[in-house]
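Visitor: I am new to this structure. Please take one part of it and go through that part closely, then say what else is worth looking at.

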Amino acid sequence: MTRAALPVDLSGPQASWPGAALRLWRDATEHVLAQPDVWHPAPIQGERCLRVTLGAILHEDPDQILITSGVRAAASVIARGARAVLHERPSFTGTVAVLRSVHPDLEILSWADLLAKSRSADAAAGGTVIWLTTPCRNPDGATLARDVWEWIDAVDPADQVVLNEVYRWFGLAPERQVPERQGRVWRTGSLSKLAGGGAGLGWIRGRGVENLAERQHSRPSRCWQRCWCYLLEHGAIELFVDHTVRPAVAASRAFTTELRRVTGIDHRPGGRLPPFLLLPVPTATGREFADRLRAEGIHVGSGEDFLAPTPSIRVCFVNVSEAAARHAARRIGVRLAGGP
Ligand SMILES: Cc1ncc(COP(=O)(O)O)c(C=O)c1O
């Protein structure tokens, strides 16, 4: 077995680009820059060609897609039309920050509490945005189960459920996924998790999102949108999935298998292999546990930074080799079991 090089970075580095995708980007700029109207403003809902291409990928009507520069940009547009916001926890805090900047009284709740709250009397005024991430919620990899979908179907039509699908390519294989419900749900996502945080391209999709277009005061340039359209038409998603998603799933499998061997506990949420996990730790804070691991050359996130309610660490498998994942699992497993 190859020895993992130290340090091992499980703190979630940016996705990188495969050579074939870089070559496509070069071809794309050459192709797009030859178009005479490339520096004209983009239509407010987004370039038609991009919405058609994305629509085919996301199984969505192109007329019900609004192009954004990412999930946080989408959160800003959605927040401005909401009366109140209920946001999941634990969570990536970037969306909380954007939504809270418009709604300082935003509430953060577990999925179970969101469920109860949306049925309570004070939710009855309508206009409440209920924000969830699925599949593979960051940081714990949770994915909505069938019974939660039934709850979503029962949410008051005057409220708006928003599903953050930024990790959609890290979810179950399509044949094992619960079929998408159309209904009143809006979905928002971006290419940040496939192509890096600077990808600068996202969407909101679902019935009625075209009405949000006027509320979005800035959007990716026409040149940028057409370049991304070119990449997506030429198979970029598959390139990124092969380069980033498949290795992350393999590292997740290596990590969870080794951790189960050392601790006897299966940490896979619902038996799935998400690109990250939230592990409960026996120290007073997750940060304390993370600092101890850092001293051994293993870098992890702490649950506090993801609004986790109890001490925990977040381990992320993007850009991590299987050998490194196994090595980290062994060290973390020993520490979780109270060893040195
Ligand atoms: C759940 C979640 N949503 C959104 C983002 C960021 O997406 P964007 O760069 O498109 O705003 C992240 C980044 O870590 C994330 O974890």
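Guide: Two strands count as paired if DSSP finds at least two bridges between them. The model is a predicted one. With that in mind, the part to look at is an open sheet of three strands, with the order S9-S12-S11 and antiparallel pairing. S9 and S11 are its edge strands; each has a single partner strand, so one side of each is left without a neighbour in the sheet.

Start with the pairing on one side of S12. Strand S9, residues 276-280, runs antiparallel to S12, and five bridges join the two. Two of the partners can be found by eye: Phe276 has Cys316 of S12 as its bridge partner, and Pro280 has Ser312 of S12. Strand S11, residues 301-302, is also antiparallel to S12, with two bridges between them. Here Ser302 has Ile313 of S12 as its bridge partner.

Now look at S12 itself. This strand covers residues 312-316, and five of its five residues are buried, so S12 is largely enclosed by the rest of the structure. "Buried" here means that 20 or more other C-beta atoms lie within 10 Å of a residue's own. In a regular strand the side chains alternate between the two faces of the sheet. In S12, Ser312, Arg314 and Cys316 point one way, while Ile313 and Val315 point the other way, and all of them are buried.

Among the buried ones are Glu322, Arg326, His327, Ile332, Arg335 and Leu336. The cover over the buried residues of H11 includes strand S1 (8-9), helix H9 (236-263), helix H10 (286-295) and strand S10 (298-299). After H11 comes Gly338, with a positive phi near 90°.

There is another sheet to look at, also open. Its seven strands have the order S2-S8-S7-S6-S5-S3-S4, and the pairing is mixed. Strand S2 (65-68) and strand S4 (107-109) stand at the edges, each with a single partner strand, so one side of each is left without a neighbour in the sheet. From one strand to the next, the twist averages 20°.

Helix H2 (residues 48-58) lies across S2 and strand S8 (202-205), at about 110° to S2. Helix H3 (residues 71-80) packs on the sheet and touches S2, S3, S5, S6, S7 and S8, and its direction makes about 40° with that of S8.

Of the 14 residues around the ligand, Gly70, Arg72, Phe92, Ser190 and Ser192 come nearest. The elements that give two or more residues to this shell are H3 and helix H4 (93-102). By type, the shell has three nonpolar residues, ten polar ones and one charged.

Terms used: Residues numbered from 1 in each chain as written. Predicted model: local features only at pLDDT ≥ 70, side-chain atom pairs only at ≥ 80, totals over all residues. Helix = DSSP H or I, 4+ residues; strand = E, 2+ residues; numbered from the N terminus. Axes fitted to C-alpha atoms, helices over the stretch in contact; angles between N-to-C directions. Contact = placed C-beta atoms within 7 Å. Near = placed C-beta within 6 Å. Nonpolar A, V, L, I, M, F, W, Y, C, P; charged D, E, K, R; others polar. Buried ≥ 20, exposed ≤ 12 C-beta atoms within 10 Å, placed from the backbone.
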